[in-house]
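Student: Hi! I've got a structure open and I'd like to talk through its side chains with you. Can we go through it together?
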Amino acid sequence: MIQLIKLREHPELSKRAAMWFHQKWQYPLEAYEESIEACITQELAVPQWYLAMDGDIIAGGLGVIENDYHNRKDLTPNVCAVYVEKSFRCRGIAGELLNLVRTDMKEKGVDTLYRSF
């Protein structure tokens, strides 16, 4: 059964999550580590990181950051790094993660989220 988690509530997974996102997107590991650390240690709405876990396996994940590398600095925050492992696709996991993010961010006072293409 898939469990959706907020990384700020599971700091023990931070290094593993950073490596997983790095492997999926080939963006520098240090950038993920820094953003996830900020998610865990700061009480700001952004950044935030989320995982879908199947037991001990990361099935999927995504983040919310200020800007996902586009020129529209006014369109913030951005959903980023959305990924579901191939063996877990077509089960609605990405949709469940997005629903969790929408609800969680609304509780933090963020009513609008953006994504880049």
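Predicted model: local features only at pLDDT ≥ 70, side-chain atom pairs only at ≥ 80, totals over all residues.

Student: Is Lys-6 buried or exposed?
Tutor: Lys-6 is buried: its relative accessible area is 17%, and the cut-off for buried is under 20%.

Student: What is Lys-6 in contact with, leaving aside its neighbours within four places in sequence?
Tutor: Lys-6 is in contact with Trp-49, Tyr-50, Leu-100 and Asp-104. With Asp-104 there is a polar contact between the two side chains, at 3.4 Å.

Student: And what do the side chains of Asp-104 and Lys-6 meet in?
Tutor: They meet in a salt bridge, with 3.4 Å from N to O. Side chains of opposite charge can pair when their charged atoms come close.

Student: Where does Asp-104 lie?
Tutor: Asp-104 lies in helix α3 (residues 93-107) and Lys-6 in strand β1, so this pair ties together parts 98 residues apart in sequence. Asp-104 is buried as well, with a relative accessible area of 2%.

Student: Which residues are linked with Asp-104 in a network of salt bridges?
Tutor: Lys-6 and Arg-8 are linked with Asp-104 in that network.

Student: How many salt bridges does the structure hold?
Tutor: Five. One of them is between Asp-56 and Arg-16, where the closest N and O atoms are 3.3 Å apart. That pair links distant parts of the chain, with Asp-56 in the loop between β2 and β3 and Arg-16 in helix α1, 40 residues apart.

Student: How accessible are Asp-56 and Arg-16?
Tutor: Asp-56 is exposed, at 59% relative accessible area. Arg-16 counts as partly exposed, at 33%.

Student: What does Lys-24 form a salt bridge with?
Tutor: Its partner is Glu-85, and the closest N and O atoms of the pair are 2.8 Å apart. Since Lys-24 lies in helix α1 and Glu-85 in the loop between β4 and α3, the pair ties together parts that are 61 residues apart in sequence. Lys-24 is partly exposed, with a relative accessible area of 25%, whereas Glu-85 is buried, at 17%.

Student: New topic: rings. How many aromatic pairs are there?
Tutor: The count comes to seven aromatic pairs. Take Trp-20 and Tyr-83: their ring centres are 5.9 Å apart and their planes are at 75°, so this pair is edge-to-face.

Student: Why does that count as edge-to-face?
Tutor: Because the 75° between the planes of Trp-20 and Tyr-83 is over the 60 degrees at which a pair counts as edge-to-face. Trp-20 lies in helix α1 and Tyr-83 in strand β4, so the pair ties together parts 63 residues apart in sequence.

Student: Are those two buried or exposed?
Tutor: Trp-20 is buried, with a relative accessible area of 7%. Tyr-83 counts as partly exposed, at 21% relative accessibility.

Student: What sits over the ring of Tyr-83?
Tutor: The charged end of Arg-89 does, at 5.3 Å from the ring centre.

Student: Back to the pairs. What kind of aromatic pair do Phe-21 and Tyr-32 form?
Tutor: A stacked one, with 5.8 Å centre to centre and 20° between the planes. Phe-21 is in helix α1 and Tyr-32 in helix α2, 11 residues apart. Phe-21 is buried, with a relative accessible area of 0%, and Tyr-32 is buried too, at 6%.

Student: Which residues form the aromatic cluster?
Tutor: Trp-20, Phe-21, Trp-25, Tyr-27, Tyr-32, Trp-49 and Tyr-83 form one cluster.

Student: Tyr-32 brings me to α2. Which of the α2 residues are buried?
Tutor: They are Leu-29, Tyr-32, Ser-35, Ile-36, Ala-38 and Cys-39.

Student: And what covers them?
Tutor: The cover for the buried residues of α2 includes α1 (14-25), β2 (48-54), β3 (57-65) and β4 (78-84).

Student: Last one: how far apart are the end C-alpha atoms of α2?
Tutor: They are 18 Å apart. Helix α2 has 13 residues (29-41), and at 1.5 Å a residue the helix should span 18 Å, which agrees.

Definitions and conventions:
Residues numbered from 1 in each chain as written. Heavy atoms only, no water. Helix = DSSP H or I, 4+ residues; strand = E, 2+ residues; numbered from the N terminus. Expected span 1.5 Å × (residues − 1). Buried < 20%, exposed > 50% of the residue type's maximum accessible area, 1.4 Å probe, protein only. Contact = heavy atoms within 4.5 Å. Phe/Tyr/Trp six-rings, centres within 6.5 Å; stacked < 30°, edge-to-face > 60°. Lys NZ or Arg CZ within 6 Å of the ring centre and 35° of its normal. Polar contact = N/O pair within 3.5 Å; in protein donor to acceptor, adjacent residues only side chain to side chain. Salt bridge = Lys/Arg side-chain N within 4 Å of Asp/Glu carboxyl O.
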